Amino acid sequence: MQVYIHVPFCESKCPYCAFGSSDDEFNKASTYFQALVLDLNFQLKSQNVREISSVFFGGGTPSAVNAKFYDEIFSILVPLCTRETEITLEANPNSASLTWLKHVKNLGANRISFGAQSFFEDKLKFLGRIHSREQIFKAVENAQTAGFKSINLDLIYDTKFDTKKRLLAEVENLKSLAITHLSAYSLTLEENTPFAGKKSYKKDSDSLAKFMIEQIGLAGFGQYEISNFGQICKHNLGYWQGKNYLGVGAYSVGFVDGIRYYAKSSIDAYISQPTYREKEILNESELVREHIFLGLRSIVGVEAGRLSEAQIKRANILVENEKLLFKNGKFYNPNFLLSDEIALFIEG
């Protein structure tokens, strides 16, 4: 079983971010983590979980709260983990101190993910980031000192600032850092955020996206999903494979055996009812649709056996036109940037 744990606290709210988080409720952190413990114990017991394959602490900003808050959570998780279990925490360069990193590493974390977003100060300011370029380098150095061997950086591209020259400089910075994984996301103008509708903030350039992906590959980071490169993140890949996972915490979503579970979408509501979940039962058609969209966005591929005759016929048309590859009973997409268009064509 995979486990996702949501930590909804941030030092400041980035204007592009639509994830559930708050920058003014730190006084509730202690009570929130008590609720997390109740929720985690309840779900592990109700799903009869005997072994955990991966854990991902996302947010929000997990490094924005005292590392000691994680002690009890790890005491529950670690007995169910093996030597192969991947345990990731997201962190920001300004808040992930060496002391914080050492503490979570000693608890059992073995992978860290830094929200860097850019190495340019003007772009960092535009994105609402409160760290500097120098702090990115220091954070990676501190993670190495703390003993982390698996280190990810997040970058955002396709903003109004980006040109091929600047994107090349972004990638060049990666070469001097001892990271094992890169997540590179095209800027999305999410609804209900300060960036919503601000079309001038985004280049919306296919050529820039293609260039960025090519340069990341030349830097030694192989692409395995539309936005992820390098040493494969087990937890990420599990999503694309349609594996079961528990969602723990406010705003979290879980998925087990065709049922999607939604937690309360505010910190207060979650604290009052940490084990409450709304359920969405997916039918076979909906599950196949997700398999198509996720499989084409990644190296997972799409199983021919799960498609209808009409869908297989359309997929074979794409194979004939060299838009898809077919191998060992699966259709694979060689160009993830076309994944949504290909998925819609196959669905019909």
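**Charges and a covered strand**

In this predicted model, D204, D206, D340 and E341 form a negative surface patch.

Student: What makes the patch of D204, D206, D340 and E341 negative?

Tutor: Asp and Glu count as negative, and the patch is formed by D204, D206, D340 and E341. As for its place in the fold, E341 lies in helix α12 (residues 339-347).

Student: Helix α12 also holds E347. Why is the contact of R289 and E347 called a salt bridge?

Tutor: The cut-off is 4 Å between a side-chain nitrogen of Lys or Arg and a carboxyl oxygen of Asp or Glu. R289 and E347 meet at 2.9 Å, N to O, so the pair qualifies under the 4 Å limit. The two residues are 58 apart, with R289 in helix α10 (residues 284-296) and E347 in helix α12.

Student: How do you know that E280 and R260 form a salt bridge?

Tutor: Their closest N and O atoms are 3.9 Å apart, and the definition asks for within 4 Å, so this pair counts too. E280 is in strand β12 (residues 278-281) and R260 in strand β11 (residues 259-262), so the bridge ties together parts 20 residues apart in sequence.

Student: Why is R260 called buried, and E280 partly exposed?

Tutor: Buried means under 20% relative accessible area. R260 has 14%, so R260 is buried. E280 has 29%, which lies between 20% and 50%, so E280 is partly exposed.

Student: What makes strand β9 (residues 245-248) covered on both faces?

Tutor: Y245 and G247 on one side are buried, as are L246 and V248 on the other. Strand β9 also pairs with strand β1 (residues 2-7) in the parallel sense over four bridges, and V248 is the bridge partner of I5.

Terms used. Residues are numbered from 1 along each chain as its sequence is written. This is a predicted model: local features need pLDDT of at least 70, side-chain atom pairs count only at pLDDT 80 or more; totals for chains, interfaces and linings use all residues. Side-chain values use heavy atoms; hydrogens and water are left out. Patches are made of residues with over 30% relative accessible area and no salt bridge: like charges are joined within 9 Å, nonpolar side chains (Val, Leu, Ile, Met, Phe, Trp, Tyr) within 5 Å. Accessible areas come from the Shrake-Rupley method with a 1.4 Å probe; for residues, only the protein chains shown count as cover. The place of a charge is taken as NZ of Lys, CZ of Arg, CG of Asp or CD of Glu. Buried means under 20% relative accessible area, exposed over 50%, partly exposed in between (1.4 Å probe, protein chains only). Two strands pair if DSSP finds at least two bridges between them.
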